[in-house]
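Student: Could you walk me through this structure? I've never looked at it before.

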Amino acid sequence: MVRAGRTVAFTVLGDPRGTPILAAHGSPGSRYQLLPLHEEARTAGVRIIALDRPGVGGTSAAKRSHRASDTRFGGAAALDAVAVLDALGVAQATALGFSGGAGYALELARSFPSRIARVVLACGMVPGAPRAALARRIPIVSTLYTVARFAPLLATAMLDGRGPFRSTRAANTAAWPAADRAVMADAAVQETLAADREASASNGSRPAVEDLRITRRSYPLQEVHQPVTLLHGSADGNVPIGVARWAAATLPNAQLIELPQLGHYFAVTHPGVVISALTAGGATAAR
């Protein structure tokens, strides 16, 4: 679709007539990142509406702004999401934030409370997490966040796998929990996610680096009043469980579901857990 002269790319997974879920992909990621949820969502009568954020995949970049809302995951990304809901005739939806999409899902709820009934965060990197909550993070991930803060161009090269960073991920595979290593080594899973890798890499990794930068900033969690369900693997080394515990204690209306021994990619191997959380609050309204 086109909004304000820009192209906004989105896809619908699951049941095209089902309960609407507005999904925010991770960093890096794209509208295809939640493809592993498609079959479970269709069976459960769930419609996942997934957008590419500005500058990612098929969505045009937005003009940079220094407004406060843009430092809090607002701006074009939130307006694009609401425009897609309008185009599909959806009056209200549940917001799903995966990993680095957590801040975008929370901001939609905060800025458009009449449009977002609930929030579900799957392995969510909740913005503003204190240092203590990140204590168990994989070292290379911590390094990436630090580099993104002080040298964003270098962080972009790291995520793109350019130059000396071609083998960075492979060299650090052993640091990931066993559950995540199994996903990385599963050829069928990687084939399913090939479309996501292609779309997320098509315009480079700079948008993902910007996500990492703003995730470090403080965020007014106390202004998100809708129910928030946090699904988090206890063995997650990308976003440690401490982040989810801190967020659950800080948000006004939150429930934390810890998944023993699971890592960052539990949505791939246990999609039913995510779908159950999305349907637990009952159907949301569709116009």
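Predicted model: local features only at pLDDT ≥ 70, side-chain atom pairs only at ≥ 80, totals over all residues.

Student: Let's start with Ala95: is it buried or exposed?
Tutor: Ala95 belongs to strand 6, residues 93–98. Buried means under 20% relative accessible area. Ala95 has 0% relative accessibility, so it counts as buried.

Student: And which residues is Ala95 in contact with, leaving aside neighbours within four places in sequence?
Tutor: Contact here means heavy atoms within 4.5 Å. Leaving out neighbours within four places in sequence, the partners of Ala95 are Leu22, Ala105, Ile116, Arg118, Val119 and Val120.

Student: How many residues of strand 8 are buried?
Tutor: Look at both ways its residues point. Val228, Leu230 and His232 go one way, Thr229, Leu231 and Gly233 the other, and all are buried. Strand 8 is therefore largely enclosed by the rest of the structure, and the count is six of the six.

Student: Which residue stands opposite Leu230 in strand 9?
Tutor: Strand 8 and strand 9 pair in the parallel sense over six bridges. Across from Leu230 you'll find Leu256.

Student: At what angle do the axes of helix 4 and helix 5 cross?
Tutor: Residues that meet there include Leu144 in helix 4 and Met158 in helix 5. By class, that contact has ten nonpolar, one polar and no charged residues. The two axes come within 6 Å and cross at roughly 140°.

How values were computed. Residues numbered from 1 in each chain as written. Heavy atoms only, no water. Helix = DSSP H or I, 4+ residues; strand = E, 2+ residues; numbered from the N terminus. Buried < 20%, exposed > 50% of the residue type's maximum accessible area, 1.4 Å probe, protein only. Axes fitted to C-alpha atoms, helices over the stretch in contact; angles between N-to-C directions. Nonpolar A, V, L, I, M, F, W, Y, C, P; charged D, E, K, R; others polar. Pairing = 2+ DSSP bridges.
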